[in-house]
Amino acid sequence: MSSLTRRGFVGATALISAATATTGAVAAPPAARGRTASAEAATTVRPGNAQYADLARGVNQRWVGAPDWIAVPRSTDQVVAVVQRALDAGKRIAVRGGGHCFEDFVGSGDVRAVIDLSAMNTIHYDARRRAVAVGAGARLGEVNEQLFKRWGVAVPGGACPTVGVGGHVSGGGYGPLNRTLGLTVDHLYAVEVVVVDSSGTAHAVVASRSGKGALRELWWAHTGGGGGTFGVVTRYFFRSPAAEGTAPQRLLPAPPSELLVSTVVWPWQDLDQESFVQLLQNYGAWHVAHNTPGDPEADLYSHLAVFHRSGGAVALNVQLSALAGDPERRLDAFLAAVGRGVGTRARTVERRRLPWLMSTQWSGFADRPTGKRIKGKSAYHRTTFDDAQASALHRHLTRADYDHPGSGLLIAPYGGRVNAVAPHDTALVHRDSALMLMYVSEWAGAADDDRHTGFLRELYEDVYAGTGGAPAPGRSTAGAYVNYADTDLKDTRRNRSGVSWQELYFGSNYPRLQEVKGRWDPGNVFRHALSVESTRQRRGGR
């Protein structure tokens, strides 16, 4: 049997089936590919073309755009040309990578030109930069497969294989390897970006970690400043900061060759409020206790999936290296710590060893959402759940007036190697957190939008009632994750914390991001509901 995925929570035991394996990215020689693609125009899809209905939408079916045209470029030169064409025609631009955005950043009604990067998925070794180059249209599953099969290395990206690297990396990126290897952006050496200068001219630049001045600041902004703000990223270049030599096998870390994975569940019928609160607090407390870089348990990663009781169970998916110490004993000790005092034993659904690449397709983590309407929210936690937070979760997840198994939250560990990096070394400021929470609801029909979004808002705002309905930075919570975009945080009727959405997402790094925005996108060409605003824009500019 396969285990609970990130968002799909159905059935009495909260289990779903794994989907098909991912497809590897094409690895054509970059020079030849660039010359061929640059000599041609990007494919343009307009209303009435067969591809339009598919390309006008992403994974989240709440947002279906109606742009005048959608361009599918295959090279950076083509992206430059497409951006210039849109600017000259006065059309607002949006960019789509994997299409997993929770909000209408691409599907907004005023977006008239969409750039779909899915054809830019080439992965190759760039000898001049001593880095692995990844096209911004590649999916995480493609990246995992190509990096490991060709060079035996990995970057610590997210668990959903269909997510595009574009927005994922720009927002920071985290996943099952983050506690031992850090965030995705901790291995980002450079970005190739199409930007627009003050004259309205589009051109491409490469900004790197080893650069200076404005170019280095542009690289820094792409290490957690969010996608769709500074330009169109066309390629990412990955090389770990301490890597030496020229062999790609030595430029990025190697993942563990084998993992022990397991799924256990606690049926909701066996959990009352006291036992549920104990379970949540145990899970959080273990990760707080093992939060420091280099902790012996840093290779243990898990998801605690806590969805409405109509789904049948609370599920815990776990992986850890099968090569470190006694993995079976370590897993037993972790499960015992999480279950201590709960009063009911967890039921083991799955326990086995998997080679690393196969583990990236394991259904415990590898979610492939499709064809659903989605609302999401997020929170960083520095401490485990207090009584009020855990009780609020229990209250809403057991409500009798709501019975949808696709609504709840997924709790994952942060910390470990993530917290070894100073909060200002990258744009992602949340470097002292122990837990990452994704609140989510998925459903099928538009008629149910208000019901499900309303439930998720009530749940979230009740959990953070003590800080004004949002995870305001403080002793317990630390803000929100920009990749789980939530425009509710801009609404002072919902976010009553007195903390702006900019501080929740970017903390004290926001003024620096504003400077980068003003320097590299002075005309505010690249914007959406949660994009960084330059100081000039806040004073009333476009």
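A residue is called buried when its relative accessible area is under 20%, exposed when over 50%, and partly exposed in between, with a 1.4 Å probe and protein chains only. The structure is a predicted model, in which local features need pLDDT of at least 70 and side-chain atom pairs count only at pLDDT 80 or more, while totals for chains, interfaces and linings use all residues. Residues are numbered from 1 along each chain as its sequence is written, and side-chain values use heavy atoms, with hydrogens and water left out.

A salt bridge is taken as a side-chain nitrogen of Lys or Arg within 4 Å of a carboxyl oxygen of Asp or Glu. By this criterion, 33 salt bridges are present in the structure. Helices (H or I, at least four residues) and strands (E, at least two) are DSSP runs numbered from the N terminus.

One of the salt bridges links D68 and R112, with an N to O distance of 2.9 Å. D68 sits in the loop between α2 (52-55) and β2 (69-72), and R112 in the loop between β3 (93-96) and β4 (113-116), so this pair ties together parts 44 residues apart in sequence. Both side chains belong to partly exposed residues: the relative accessible area is 28% for D68 and 25% for R112.

A salt bridge also connects D186 with R431, whose closest N and O atoms are 2.7 Å apart. Here D186 is in the loop between α6 (178-181) and β7 (188-196) and R431 in the loop between β15 (407-413) and β16 (435-443); the pair therefore ties together parts that are 245 residues apart in sequence. D186 is buried, at 12% relative accessible area, and R431 is buried at 4%.

In the pair E328 and R353, the N to O distance is 3.9 Å. E328 is partly exposed at 30%, as is R353 at 39%.

Strands of a sheet pair through backbone hydrogen bonds, either parallel or antiparallel. Two strands are counted as paired if DSSP finds at least two bridges between them. An open sheet is formed by five strands in the order β5-β6-β9-β7-β8, with antiparallel pairing. Its edge strands, β5 (123-126) and β8 (202-208), each pair on one side only. Neighbouring strands are turned by 25° against each other on average, direction ignored. Axes are lines fitted to C-alpha atoms, for helices over the stretch in contact, and angles run from 0 to 180 degrees between N-to-C directions. The antiparallel strands β7 and β8 are joined by seven bridges, and E192 has V206 in β8 as its bridge partner.

Two helices that pack on this sheet are described by contact (heavy atoms within 4.5 Å). Helix α4 (residues 140-151) touches β5 and β6 (131-135), and its direction makes about 50° with that of β5. Helix α7 (residues 213-221) touches β7 and β8, and its direction makes about 85° with that of β8.
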